[in-house]
Amino acid sequence: MIDSQIKSKLKMFASFSLLLGAASLSSCSGGANQESETRKMNSADIKVVSEMKAELTSPPFVPKSTANREATKLIVDMEILEQTGEMADGVEYVYWTFGGTVPGSFIRTKVGDEVEFTLKNHPDNKLPHNIDLHAVNGPGGGAASSFVAPGHEITFSFKTLNPGLYVYHCATAPVGMHIANGMYGLILVEPEGGLPPVDKEYYIMQGDFYTKGNFGDQGVQPFDMQKAIDEDADYVVFNGKVGALTGDNALTAKVGETVRLFVGNGGPNLVSSFHVIGEIFDRVHVEGGDLVNTNVQTTLIPAGGAAIVEFKVDVPGELVIVDHSIFRAFNKGALGMLSVSGDENKKIFAGTIQEGIYLPEGGTIQSMPVEAKVDQPIVELSKSEKMANGKKLYGSTCFACHQANGEGIANAFPPLAKADYLNADVSRAIEIVLRGKTGEITVNSKKYNSVMTAQNLTDKEVAAVMTYVYNSWGNNGTEVTEEMVKKVRNK
Ligand code: CU
């Protein structure tokens with residue numbers, strides 16, 4: 001009796017383990033899984049016969065391709081520097097850096113490389129640091145093996161098994177703070193044979209910053225732990241600062257060239273909706289891995305993640321690189337430029353081909369705004385009436401770009417407050433309000449290259465809003481009259 005009970009239990013157990021066995025077999029027999037597992041094992045077997053010092057580059061540049069070399073013992077020598085840098089005009093921040101830049105130096109490796117990594121913590125630094133490379137198969141991505149005090153150096157080693165674009169970052173407590181201060185960068189592991197050749201390659205990394213003061217508040221701005229915890233970023237930028245990729249720092253390409261962007265997101269908190277205004281990504285290595293998506297408008301890059309985006313530039317112009325969480329681009333700094341030079345191609349982009357006045361209730365296309373059609377006698381408002389009307393108009397029309405107190409938006413829209421360009425020439429200013437303005441101008445020794453559209457306002461309205469602007473925020477107190485506006489309009 002007892003015997004048979006035991007036997008039947010044993011039988012049940014046996015069939016249960018069979019089931020388990022089958023289940024676990026089937027879970028590792030999936031094609032893709034097995035393929036990547038095999039490749040990883042093969043990568044581990046790649047022998048290295050040579051040794052070389054890694055070329056490390058500062059953003060936005062990347063080291064040369066590994067396509068023409070075998071796997072090697074790659075010596076990486078990286079120095080940690082804590083140093084004051086510029087976050088925006090007049091705003092300073094104490095950055096903690098890998099190699100003296102944010103993001104840190106770009107490391108370009110190849111599958112099968114043996115990376116011998118030496119991390120040096122400069123004696124002038126205040127804190128211990130380490131490095132966690134997402135390209136490492138091993139505890140902490142190397143964090144525990146690389147922990148190093150100021151005035152010390154440490155060497156650890158790993159083999160690159162998986163091709164892809166990976167983030168590295170400091171992982172010393174408080175981890176969030178080390179990352180928030182700029183301790184991140186990218187390491188590329190190229191597949192055997194390297195990535196296909198392209199004409200231009202660039203390195204871009206997004207990061208969010210948290211300061212005691214608000215965006216643009218001047219002076220040295222300390223890190224704000226509470227804002228970081230609340231994920232309430234003051235700055236969201238590419239390559240460590242506002243304007244790292246605009247103006248003279250803009251990336252460049254020529255019509256017909258293929259551009260490859262290695263894009264990372266250091267976070268610490270925010271996910272990037274990476275987008276280039278005026279381009280479509282022909283190919284995206286999604287999350288920096290093997291999966292290639294084509295014809296992509298915006299690609300999501302997680303904090304601590306990356307993507308490789310590639311596109312051919314077809315027509316000349318300024319392509320605007322943004323986080324399409326768009327307030328970050330226009331109000332927090334996440335804006336860069338890729339300046340494309342070369343010949344127009346009207347077949348691909350014809351530009352504006354016709355412009356007219358749209359009257360929803362019918363009528364013919366007119367060449368001038370309605371209010372200019374009849375010469376009515378001017379009844380000039382008093383200055384205080386202009387100020388009151390002008391303030392209202394400013395609040396409904398101008399403030400979106402030039403901001404409520406006229407300070408403008410750094411690198412995008414020029415200030416009106418204490419603006420030398422505005423105060424120097426009232427007729428020119430009237431003309432810009434009436435007819436719009438494109439192209440580069442310099443205001444208070446900073447360059448702006450944006451578009452102001454022609455404002456569809458009456459002479460009375462222009463006189464009011466401009467009088468308000470000229471009599472606010474430290475400007476020169478000019479009173480603009482309807483007559484002055486009319487003169488410019490009829491010029
Ligand atoms: Cu650190």
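**Notebook: the copper site and an open sheet**

I looked up the copper ion and found four coordinating atoms: ND1 of His-129, SG of Cys-170, ND1 of His-178 and SD of Met-183, at 2.0 to 2.6 Å. I note that the model is predicted.

I then asked why the arrangement of the 4 donor atoms is classed as it is. The angles they subtend at the copper ion run from 86 to 138 degrees, which makes the arrangement irregular.

Next I examined the donor residues along the sequence, where their spacing reads H-x40-C-x7-H-x4-M. His-129 sits in the loop between strand E6 (114-121) and E7, whereas Met-183 sits in the loop between helix H3 (175-180) and E10. The two residues are 54 apart, and the pair links distant parts of the chain.

Are these two residues buried or exposed? I found His-129 buried, with a relative accessible area of 0%. Met-183 is also buried, and its relative accessible area is 0%.

I turned to the strands. An open sheet is formed by 5 strands, in the order E2-E5-E10-E9-E7, with mixed pairing. Its edge strands are E2 (56-57) and E7 (132-133), each of which pairs on one side only.

Strand E9 (residues 164-169) and strand E10 (residues 184-190) run in the antiparallel sense and pair over 6 bridges. Which residue of E10 is the bridge partner of Leu-165? I recorded Leu-188 as that partner.

Definitions and conventions: Residues are numbered from 1 along each chain as its sequence is written. This is a predicted model: local features need pLDDT of at least 70, side-chain atom pairs count only at pLDDT 80 or more; totals for chains, interfaces and linings use all residues. Side-chain values use heavy atoms; hydrogens and water are left out. Two strands pair if DSSP finds at least two bridges between them. Helices (H or I, at least four residues) and strands (E, at least two) are DSSP runs, numbered from the N terminus. Donors are N, O and S atoms within 2.8 Å of the metal (3.2 Å for Na, K and Ca); water is not among the atoms, so sites may look incomplete. Four donors count as tetrahedral if all angles lie between 85 and 135 degrees; four count as square planar and six as octahedral if opposite donors are over 155 degrees apart and all others between 65 and 115; anything else is irregular. Buried means under 20% relative accessible area, exposed over 50%, partly exposed in between (1.4 Å probe, protein chains only).
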